[in-house]
Amino acid sequence: MTEVGNVKKRYAEKEQELARTQAEANKAKIDAEATRSHQKELVKEKAQQMYDSRRKSLETAYKGKEIALDGAFLGSLAYGVLCTIFTAVRSERFVSDFKAFFSTIWAFLLTALEKLLQLAKWASQLGDMIPQPIVATIVHWLILIAVVVLVGGGAVLLLFFGADWVYQNYKSDYADTTSLAVALASLAVIVFFAEPIRAVLPINLLLLLIITHVLYVGVRWYIKGYRQSRGYY
């Protein structure tokens, strides 16, 4: 019985020692996993810092090159525009057509205003049919003012919304570098070859410039619709 007791005691000690060994092994495993996880976090953080630093450096270099290219482009554009403007100012034919274009628009506006006043005066005659002079005068001027405001204001609003619709569509689809280049190239050609163009085409040069750009927009609109109908984009 003594020998059996000693064996049981040694067996219990071995179990306790094994339990301690397993606990230490589990603790070492947990510590190793924590260390590995911490190392991964450090490596990931370091890699992210290196990536951010490299990305910032590349973005700075790219922005610098972009600014330089924009500066060169704007400088070339300004030089071309100034040369074209100076040539246009020295071109008697272009200056004459430029003045004639806006003079025609001004004359048209004055004519439209005159016709509107004539219409208002004609309509206001309805008030003159009233036998009471005071009432007739009041109705006369009320009808005249109403016709001017309604017809003139309606025309102005229609013109405003039409111009805004054209501007919004042009801005969203065609206001880009290509359109600017086409407009400047067309202006340069018309200015530099004003005399030969006028000799062949008896048309106002500024109106020809506008028609040219409208045709260009029409071609782009057709190409865009053609590509969309075939699923290119």
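Me: Leaving aside neighbours within four places in sequence, which residues is leucine 205 in contact with?
Reply: This is a predicted model. Contact here means heavy atoms within 4.5 Å. With neighbours within four places in sequence left out, leucine 205 is in contact with Arg93, Phe94, Asp97, Ile190, Ala194, Ile197 and Arg198.

Me: Which residues of α4 are buried?
Reply: Helix α4 covers residues 177-192. Buried means under 20% relative accessible area. The residues of α4 that are buried are Ser179, Ser186, Ala188, Ile190 and Val191.

Me: How far does α4 reach from its first C-alpha to its last?
Reply: Helix α4 has 16 residues, and at 1.5 Å a residue the expected span is 22 Å. The reach from first C-alpha to last is close to that, at 22 Å.

Me: At what angle do the axes of α2 and α3 cross, and is the crossing left-handed or right-handed?
Reply: Helix α2 spans residues 92-128 and helix α3 residues 133-173. Their axes come within 7 Å and cross at roughly 150°. The crossing of α2 past α3 is right-handed.

Me: How many residues of the contact of α2 with α3 are nonpolar, polar and charged?
Reply: On the α2 side the contact includes Leu116, Leu117 and Lys121, and on the α3 side Val139, His140 and Ile143. The contact residues divide into 13 nonpolar, 5 polar and 2 charged.

Technical notes:
Residues numbered from 1 in each chain as written. Predicted model: local features only at pLDDT ≥ 70, side-chain atom pairs only at ≥ 80, totals over all residues. Heavy atoms only, no water. Axes fitted to C-alpha atoms, helices over the stretch in contact; angles between N-to-C directions. Helix = DSSP H or I, 4+ residues; strand = E, 2+ residues; numbered from the N terminus. Left-handed = near helix turned anticlockwise from the far one by under 90°. Nonpolar A, V, L, I, M, F, W, Y, C, P; charged D, E, K, R; others polar. Expected span 1.5 Å × (residues − 1). Buried < 20%, exposed > 50% of the residue type's maximum accessible area, 1.4 Å probe, protein only.
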